[in-house]
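Here is a friendly walk through one protein chain. Take a moment to look at the structure, then read on with it beside you.

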Amino acid sequence: MTSQLLGVSVTGLRVAQSNLSITGHNIASADVEGYSRQIVNSETNNATPIGNSFIGNGVNVASIERVANQFIIEQMRVDTSLFKDLDIYNENISQLDRLLSDPATGLSGGLETFFAALQNGADDPTSIPARQLILSESENLADRFNTIYDRLEVINDSVDDFINSAVSQINSLVDNIVQLNLRIADAQGVDDAQPNDLLDQRDEAIRQLSELVAVQTYDQGAGQVNVVLNSGQNLVIGTEARHINVVASASNSQRLDVAFENGANDIIITDLISGGELGGLLRFQNTVMDQAYNELGRIAIVMADTFNELHQQGINLNNEFGGNFFYDVNETTIARNRVIGNSNNNLPNDRVLSLNIADSSRITADDYEVTIEAGGLFRVTNLGTGEEVISNVLTGATPQTVEFDGFELVFERGSFQVGDSYTLLPSRSASRDFSAKLLDASSIAFGSPLVTDASIGNVGNGDINFGEVLSLDDVNGNSLPLFATPGEMNPPLMVRFTTANTYEILDNSNPGNPVDLNPPIRNQRYIPGISNNLFPSDPGETAVQTNGSSIGLPLGRLPVVGGGALTNGYPAEAITITQASSQPGVPDTSLNVFTSINASARETASLLNNVEGVSATASNYMEITDVQNLSLTSPLQINLNGEDLIEYEFDAGSGTFILDPDVPDPTLSADQFNDYLEDRINNNANLSARGIYAVAGIDATTGVSELRIYSTEGDDFQISLEADAGGPDSLSVGDGSNPTVALDGNGAGVTSAIAIGGSLDVRLSDGISLETFPPNSLLFGDTQLPGFATSTYLGIQASIQGTPQAGDTFTLDFNSNAASDNRNALALAGLQNQGNFDNGTASYSDAYSSLVEAIGIDTASSRVNRDASEQVLQETTRLRDSVSAVNLDEEAANLIKYEQMFSANAQVISVARELFDQLLNSL
C-alpha cells in the first residue's frame, strides 16, 4: 500500500514539475514573435483492479501542446498580406502625390509663369526685354518638366531597390521554411510528436513571408507544409525550395520582372504576384508610376507640338517664319527611342522602327505592343485597354507607315520576322526630352504672315477679319504652296462678290486680270448676318470639277433653227462615292448616284448633296460676243431662259414697234448693246430669282466687247435669236472654254437657239473619293488619272461679315511689315486655355490638374483602404493573441497553482515515507 501511495505521488510530482516547466517556458517566451503558449495535457494511468474495484495509479503527461487556431493563423497571413500591400502602396503614392500637387515642385506654377510672360510680350511685341523674359521662362518651364521627371526616376529607382530587397528576403524565408520542414519531420519521428517551438517558428516564417507576398499553405503530411503563391505557383514543396529573382523585362528593358530561377530560361511571374509589399510595389509601379510618367509626358508632347506648330506659322522681327520654340517631338532619335524591341526577338538585330506624333490632340497616355505574325501580319495592341487598335500586313517595302490614335509607326528597315514583338512607349520619357530651343529674342514669331484688306471702292458694308494661318503643311507633312516662298504669299488672293449673296476667290497675282484658283473656289454662298468663313478648313478635303467633253458648249454643237427641244446633251452616268474605312478589317463603303440624260448641273448637284461628306455647287457661265449689225428693230429678239431681252413699244407715227425709246440712240454700238442687255437681265425679276445675272465688259486679252452671263444655281442657259434673214445680223455665244457658236438671223418667226449646260464643283471630305462609269466620264473627264481630285486646303482662314454688294472685293496678301503685329503672340498666349486634350475639352493646366486629381483621389482611397486593413489586421491580431498569446498574469497564477500541486505531491511522498517507516518499525 505504501509503495502504491509513493508511486502515485511521484506521478503527480512529475506532472506538476512538467506544468511548472511549461509555465516557465511560456513566461520566458512571452516576448518571442509568433510564440504560442503551451499547455500540458495530463491523463490518469490505468487503474489496478482490487477485488471488485479499481485503485488508481496516478497520472502522466499525455502531451504538451501549443494553443493555436489554424484558421486564425491563416487569417493572420491573409490580413497581413493585404495590409502590407496597401501600406507600402500608400506610402509611395503619397510621396508621388506630394511631388505633383505641391506648387513648389509641380508643373502648374511653371505653366502660369510662362504664359504670363508670353501675355506680357504680346502686349508689347517690339520689346526685346519682354521677349527675352519669355525665353527665360521657357527654359524654366523646361527645367520644371525635367526636374519632375528626375524625381519620378528617384521614386522609381527606390521601388526597384525595394523589389530587389523583397525578393532577397523571400528567398531567405523560403530557405528557412524548408529547413524548418526538415527539422519538424525529423523531430516528429515515428511517434508523431509535436515540436511546438519549431511549429511556431515555421508559422512565424510563413507570416513574415506573407508580409512580402500573398501565399497559401497546404499540409503535405509527415509534419511538412507546402507554400504556394496565391496564383498557385509553388515556393516550397516539402524540403525543396523554389527561388525567385529579379530580371530586366524582355519586352521593356526599363522595367523589372520577377521570375522563377530556371537556369537560362527564367519563368516570368510578375503578373502572378499579388499581396504583400512586393505585390504592392509592383502594382504601384505598373499603374501609378506608369500613369505619372505617361500623363506628364503626354502634356510635354502636346505642349511642345501645338506650341511649335503655331509658332512656325508666325513671322518674327525679320519677317521670317518662326522655327521650333520647344524641342521637336519627332526628332529622329526621340522617335526611335519610343520603340523598344523584345530581347527575345530573332537575330539579326537589324530592325529599325520609329514612332512619330502625327496628331498630338488624339494621342493617348497608354503604351502599346506590336507583334509580328505569320504572313507578315502585324498587330498593334493598346496595353492599357488590351484592345487591338490596328492590324495590317508588312509589304516588304520599307519604309512602311501605319497610323493609329494620333501616332505614326514607321517600319524603317530590317528583317522583320515571325514572333518579333516591340513595346511602344510614346510618352514615358517626353518630360525628360522637353527642352527650350529658341535662343534669339528677335526670332520669336509674334506676327501673322497674313494681312487682309477691303477695297476702297466697295459699295457694301462687308468687313473682312484679320485672318489666320491654320497650317503651313498639308496632311502628308509637305509644305503648302501659299507661303512656301520666303517673304511672300503665292498667290495673293482676291475675294470678289459676284452678287450680294455669292462670291468667288481668285488668284490675284495680276490685279488687272484675276483668274480662278486650281481647284477653283467659285459660286460660294454668302449668308448675311453671320460671319462667313471663306476657305476650306479640312486638311484632307479634295475637290473635283466637271471638265469632260460634254460640258458647256462642246465642239460640234449646232444651233436649233426654227424651234424644237433645246437640251444640254449631258449623258446619263453612274457616279460612285466611296468612304474609306477607318477601322482595320472593315471594308470601304460605296454609294452609287445616277445622273439623268440632259440633267442640268443644278439637278446633278442636288443628287450629290444628298450624300454624306459630299458638297456640290452648280454654276453656269455664258459669253455673248461678236454682235453683228443688229437692226434693233422688229423682228429682232433675244430670249434667255424664256425671258425676252429686247423691249419694244408701238410707234404711232410709223405704225411699227420700235426699240425702247429710253435708249437715246437706236443704232447702238456693240458696247452699248451689251450694256443694254446687262441692264435688261439684271432687272428681270424672274431671271434674278433663278440666280442669273450679267456683266458687260471688255475681254482683257482680246479687247473685244462681251456680255458675261452667270447662273449661280447651275441651270442650263437656253438662248435664242430672232432677226432679219439674209443679212449679217448675228451674235456668238460661248462658255468661256470651247469654241463659240454663231446664232444667225433667219427672218421673222424663225429662231436660232442653243442650250449651254453648267458645271459642278464637288468637294469631298477627308477619306471620300469619286469615280464614274464609264471611267473616262463625259462630265468629269478621266476619273482614274493621278491628281484627278485635288486638295482644297490652303492652310489659311478668314471670314467676312456684314452686307457686301456685287462687285465688292477683298484682298489677302503677305504681311511684310509685322514688327508691331501681335496676332500670333495672342494666339500663342491663347494656347494656355485652349482645348488641346481629350477632344478639345482640356487645356495644358486641365490635363495636369486631372493627373494630380487622379493621383490625389487614388492616394486618399489608398489611405482609407490602408487604415481599414490595419484595423482588420489589429482585430485579427487581438483574436490570435486572445487564443495563443502568453498572459503573464495567468501564467503567474499557474505558477502558484502548480507550485502548490508540487508541494502537495511532495507531502504525499512524505506521508508515504512515514507510513513505510512505521510499517518497518512494527515488524
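## A buried aspartate

D203 counts as buried, because its relative accessibility is 13% and the cut-off for buried is under 20%. Please keep in mind that this is a predicted model. To find D203, look in helix α5, which covers residues 196-212.

Which residues does D203 touch, leaving aside those up to four places away in sequence? They are R66, I73 and R77.

## A partly exposed asparagine

Now turn to strand β1, made of residues 38-44, where you will find N41. N41 has a relative accessible area of 23%, so it is partly exposed. Setting aside residues up to four places away in sequence, N41 touches N60, V61, A62, S63 and E65.

N41 and Q224 are separated by 183 residues in sequence, while their C-alpha atoms lie 24 Å apart.

## The whole chain

How many helices and strands does the protein chain have? Its secondary structure comes to 14 helices and 49 strands. The radius of gyration of the chain is 47 Å, well over the 29 Å that the globule rule gives for 923 residues, so the chain is more spread out than a compact globule. Along the principal axes, the C-alpha trace spans about 195 × 65 × 55 Å.

Of the 923 residues, 47% count as buried. The chain exposes about 42,200 Å², and 48% of that area is supplied by carbon and sulfur atoms. Next, take the contacts between residues at least 6 apart in sequence: 68% of them join residues at least 24 apart. As for charge, the chain has 41 positive and 120 negative charges, and the mean positions of these two groups are 13 Å apart.

## A sheet of three strands

Here is a sheet to trace by eye. Strands β9, β10 and β11 form an open sheet in the order β9-β10-β11, with antiparallel pairing. Its edge strands are β9 (244-248) and β11 (267-268), each of which pairs on one side only.

Strand β10, residues 256-260, pairs with β11 in the antiparallel sense over two bridges. Across this pairing, A259 stands opposite I268 in β11.

## A hairpin

Strands β15 (residues 377-382) and β16 (residues 388-393) run antiparallel and are joined by five bridges. In this pair, L377 stands opposite V393 in β16.

How many residues lie between the strands of the β15 and β16 hairpin? There are five, and in this hairpin G386 takes a positive phi near 80 degrees.

Which strand does β32 join through four bridges? The partner is β38 (residues 717-722), which runs antiparallel to β32 (residues 637-640). Between these two strands, I638 stands opposite L721 in β38.

Technical notes. Residues numbered from 1 in each chain as written. Predicted model: local features only at pLDDT ≥ 70, side-chain atom pairs only at ≥ 80, totals over all residues. Heavy atoms only, no water. Pairing = 2+ DSSP bridges. Rg over C-alpha atoms; globule rule 2.2 N^0.38 Å. Buried < 20%, exposed > 50% of the residue type's maximum accessible area, 1.4 Å probe, protein only. Contact = heavy atoms within 4.5 Å. Areas by Shrake-Rupley, 256 points an atom, 1.4 Å probe, with all protein chains shown as cover. Lys, Arg positive; Asp, Glu negative; His and termini not counted. Charge placed at Lys NZ, Arg CZ, Asp CG, Glu CD.
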